[in-house]
Amino acid sequence: MTHIDKTKNKKTIGILGGMGPLASVNLYHKIIKLAQEMYHAEQDTDFPPMIIYSLPLFGFYETGFKNPTFVMGQLISGVKKLESAGSDFIIIACNTVHYFYQDMQKAIEIPIISIIKETAKAAHEKGLKVVGLLSSESTNKLGIYQNVLKDYGITALSVTDKQQDLLNEIILHVMSGKQNENDKEYLKIIINDLCKQGAQGIILGCTELPLAICQDDVGIELLDSTDIMAKSALQYAFH
């Protein structure tokens, strides 16, 4: 565990959320819990300042972007609001919209920490060479994770079209608060199939998926992108 230097100012975390709202709440909650567990945060002043902007993003679905230019404009507006509000850096509670990462970063002066890069780095640090990818259809088809993992010498195994359809349904169930044990069992089946193909770990590359399954449910390493992002944000805020 790391003790907080209470005399040192902490950076303000800007959280761009709303995609979806429940996943954003989960990211905020993880930051709080990890600050308590890893940094012994107790008093209000022990926690980093945070600014949350819940953006209801139009034209964005788990299967793709209806109008990429329109979506990008909303995202740029969102990060600009967080910058002008006083954020020192930004994290985004959604994997898929990192397709527009470069466009968002170019629009502001403060850094945006990429959930994709942080998750890929975590897989590399664990010594993984082959990982299974569970994500939204758009994240999968756009190769958002595959391209970054390749830079770390990691091979990403993708799901079948039928399995992706199931993932899309599970993501929608979480977004609507209707996830159930059947969703968890379907995820276990998909994960087991990826293990048979040689996966050494599984990336939960959609911020809704950690709300449907967790490490205790499986026997293989799960790389929860939300958890990894929360840890990275705290490290940046405190250090």
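Reader: How do the residues of the lining of the second largest pocket divide into nonpolar, polar and charged?

Author: Happy to start there, and please keep in mind that this is a predicted model. The lining of the second largest pocket has ten nonpolar, eight polar and two charged residues.

Reader: What is the volume of the second largest pocket, and which residues are closest to its centre?

Author: Its volume is about 260 Å³. Of the 20 residues that line the second largest pocket, Met19, Gly20, Phe60, Glu62 and Met175 are the closest to its centre. Strand S3 (60–61) and helix H7 (161–175) are the elements that give two or more residues to this lining, and H7 gives the most, with three.

Reader: What kind of peptide bond joins Met19 and Gly20, and what is its omega?

Author: The bond between Met19 and Gly20 is cis, and omega is about -5 degrees. As for its setting, Gly20 lies in the loop between strand S1 (13–17) and H1.

Reader: Let us turn to the largest pocket. Which element gives the most to its lining?

Author: That is H9, with five residues. Helix H1 (21–39), helix H4 (115–125), strand S9 (221–224) and helix H9 (225–238) each supply at least two residues of the lining. The largest pocket holds about 500 Å³ of space and is lined by 23 residues, with Ala122, Asp224, Asp227, Ile228 and Lys231 nearest its centre. Its lining divides into ten nonpolar, four polar and nine charged residues.

Reader: Why are H4 and H9 called roughly perpendicular?

Author: Their axes cross at roughly 100 degrees. Angles from 65 to 115 degrees count as roughly perpendicular, so H4 and H9 get that label. The axes also come within 9 Å.

Reader: Which residues make the contact between H4 and H9?

Author: On H4 they are Ile115, Glu118, Thr119 and Ala122, and on H9 they are Ser225, Thr226, Ile228, Met229 and Ser232. The residues of this contact divide into four nonpolar, four polar and one charged.

Reader: What makes Val148 count as buried?

Author: Buried means under 20% relative accessible area, and Val148 has 17%, so the label applies. Val148 lies in helix H6 (residues 144–151). Not counting residues up to four places away in sequence, Val148 touches Ile116, Lys117 and Ala120.

Reader: Why does His40 count as partly exposed?

Author: Partly exposed is what falls between the buried limit of 20% and the exposed limit of 50%. His40 has 29% relative accessibility, so His40 belongs in that class. His40 sits in the loop between H1 and strand S2 (50–54).

Reader: What is phi of His40?

Author: Phi of His40 is near 55 degrees, a positive value in a residue other than glycine.

Key
Residues numbered from 1 in each chain as written. Predicted model: local features only at pLDDT ≥ 70, side-chain atom pairs only at ≥ 80, totals over all residues. Heavy atoms only, no water. 1 Å grid on protein atoms, 1.4 Å probe; cavity = no way out; pocket = protein on both sides within 12 Å on 5 of 7 lines; lining within 4 Å. Points joined across faces, edges and corners; volume = space filled by probe spheres on them. Helix = DSSP H or I, 4+ residues; strand = E, 2+ residues; numbered from the N terminus. Nonpolar A, V, L, I, M, F, W, Y, C, P; charged D, E, K, R; others polar. Axes fitted to C-alpha atoms, helices over the stretch in contact; angles between N-to-C directions. Parallel < 35°, antiparallel > 145°, perpendicular 65-115°, else oblique. Contact = heavy atoms within 4.5 Å. Buried < 20%, exposed > 50% of the residue type's maximum accessible area, 1.4 Å probe, protein only.
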